[in-house]
Amino acid sequence: MSGHTPMKIKSASSDIKINADDMRDILKSDLDDHVLNNVSVAHFVEHVWGLEPAKVSEILDMQFQLPDDLLKEYLHILSNKREPALHKPFRGISRALLKSVCDQFNLPHTVLQTYFWDGNGTTYVSRESRVKSTKTSSRNAQTKGVKTKKGSHHGMLKPDLLEVCIPVDNDNNPLNPDNEDSIKHVEVPTWGLARAPVEFKKGRKTVTPKLDTVHEGKETGTGSGVGTEVSSLNTAGTGNSSGFTQDSGESRNKRPGSPTLSKEHSDAKKQRTTRNIPLHELQLANYALECLSAGNRHYVTGIFINGVTFRLWYYDRSGAMRTVSHDFSQPSGMANLAASLFALSQSNMKQAGFDPYIYHLAGKLDEPIQTSTVVPLTTPLPQMENVCYKFTKGNKEHVFAIHNSISRYRGINGRGTVAADVRHGLIGKTFSHNLYVLKMSWQFPIRQHEGEIISHLRTVLPNCWHDHLPDPVFYTKITAEELAMPKYNVYNAMKDSANPPSNHSDDRNLHVIATNRYKHLWEATDIDEFKQAYIDCVECHYHAFQTGNVLHRDISENNLMIYLPGKTDKLEEQDVADNAEIATKKIASSPATESKSVEITEPRARGVLNDFDMAVILGSDGKPTTPSTGDHHITGTIPFMAGDLLMTPEQRAKFQLKYPTIPTYHLYRHDLESFFYILVWAATRYDLKKGCRLHLLPGSPLIGWSNTPNVLNPVQIKALTIPLMEELETGILAEWKGLWADWIEPLFLLFEEGLRCSAAARRRGNIDDFTTGGGLLTFEKFMATIKVTPRNFDTKK
């Protein structure tokens, strides 16, 4: 099934707080129709965690004998105690199963180098450590965890268990996870250190458990011994072979700050369902989201435990995958749990989902890069310090030393963009003295790499516009097949089996690009610099469209940038050195008898139209040439998207049925409308003197622009009316009043009339007038309205 590119629900500038209910809805949206179902545990542990098929078969054939008290204690707690009490006996069961498997393979127990950290469902885990590690090994880094203050838990969650590396003591000896006193005082790990989260849900006992009950459906096991029972795949998750049923409500809310729900709202919540993921399993997805947001993962795995049944989950940027569930109070279910736990414990960094292109950087930044100083990671690091990315293209190995993280995607299914300030170098060479931005994103296979689109534009556009386009120093595409992404391999392994997995969705490829580092529009020195950069981008965008047949389709405040060569891409320490050098020159040129000043020539600031991730090359008919960007694939960053594009798929289908000749895809005038919204946003949010964006005032209409997915009529929210503009005008900042009068008000009148003409043209079936707003919503009219003469308008010159 082909997926679609979702709109960005939040921009980097959005002030909307996301509570637990909103986050659950976002995760539902992320995962609906993107869950690969009916995966066997055997295929999962082989293709995800890398356990050899022969070992999988041998473990599934084993008869496990647990200490009598462990399972009895677990079953007793299910009936009589609260959920966190399940953690300790489950940890005991896990360790006993792991040791039995080690004994079966004649392995010392020391090969078990991970354990389940227990937060008891009450301990908050942070995305990053607040305590920097000093002289500790990476294995011991997780003990340098987060010490939080009361009331400081915003944005953190309380997982049940996390599989992490076993901490070591001051003598680098591993602690004993079987000794509660030994591990009781270890500090809280971060999400970046978590190898796999575990979520519990306590079921209700309804009947006396029956041993050896086999559920409907029979999985084809790889072992020849005990059969593998499978629970019903009812999305409500009811029923299991031990006579325990899950509660109809959801598990406890572990995200702080959620409002108390009314009875009516609570009942409504219980009736919500999803096509592919039960609501009670969304909490595990929330933990996976935190792991992915740490920025060091390609995918995340987890274990969901509902009473005495367990299910394995996998999450990557193309969706999720889940196994059939098994009852581990029964022999075959226990064998499947043992295979799962052993495979997870023995998986390496890549198999556990960590980014294989991240390395430890052992050398100095001012010395030539040696292969021996770019060291593969064997355990997760608590922070992205002294690390680098390494990619091979052709016969060159490109190394990017991370200077600072810029952004990380807050979602599961999607582009998953991670960006960082880096220094670039090749093996055998030294690192650059200037900074670049390295961006990695997950794109559908049919989408063209933005590096290729930029290269195309730099070929066909006149040289004068090259300064306003990114100039990549490196870009590459790595396919899901080349990455050996597990979901891709699991589906291919099972698609011809008797019980193939269902609901397969397209895998995504990893796109990597490195360009110069820029600054944002709100960091402009003054209004004049802002206006110049803005005009540069508007004009470059037009020529990319007119001459290069490229439509950007994601015009937002984060994609219009300002570049000052030698300034915006300079290291902070260089700024200090340069300032000292300038001061020295001034002193040296000023004898006591004569005062002279040295003229310092600053580079000219220029606007750069950045981020062509969503750009498409258009055909001669003006339509996108790639199938994935057809009529039903609408992209953009919501606060800046044209009102036409905010229609729901149902509304768009209705219009298409009613007006079959009228295009519903992204048009040039839609991008032009986004340019206008950026001006409105800037005049009410940008404090150029401080170089920052201000928070939206309570009641501001821009809040609706930021959060339109939760508004009943998002198109109406952006309707350009005089009352709306009058309300917005009351919130403009003093330094923007001139631009409001000279640019924003005239453009408002232009778009108000143009959109009215476009709506009338739709009803008449006039394609030309619909496309251009009756000839008003064009580049020429836009520039004339703000009284700016286009440069190099004749592209033949």
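Guide: Lysine 487 is buried, with a relative accessible area of 1%, where buried means under 20%, exposed over 50% and partly exposed in between (1.4 Å probe, protein chains only). The model is predicted, so local features need pLDDT of at least 70 and side-chain atom pairs count only at pLDDT 80 or more, while totals for chains, interfaces and linings use all residues. Residues are numbered from 1 along each chain as its sequence is written, and side-chain values use heavy atoms, with hydrogens and water left out.

Lysine 487 forms a salt bridge with aspartate 507, their closest N and O atoms being 4.0 Å apart; the term stands for a side-chain nitrogen of Lys or Arg within 4 Å of a carboxyl oxygen of Asp or Glu. Because lysine 487 belongs to helix H12 (486–494) and aspartate 507 to the loop between that helix and strand S18 (509–516), the pair ties together parts 20 residues apart in sequence. Helices (H or I, at least four residues) and strands (E, at least two) are DSSP runs, numbered from the N terminus. Aspartate 507 also counts as buried, at 9% relative accessibility.

Arginine 791, partly exposed at 30%, meets aspartate 536 in a salt bridge at 2.7 Å, N to O. Aspartate 536 lies in helix H13 (residues 527–546) and arginine 791 in the segment after helix H22 (779–785), so this pair joins parts 255 residues apart in sequence. Arginine 791 also meets glutamate 539 at 2.4 Å, a link to helix H13 across 252 residues.
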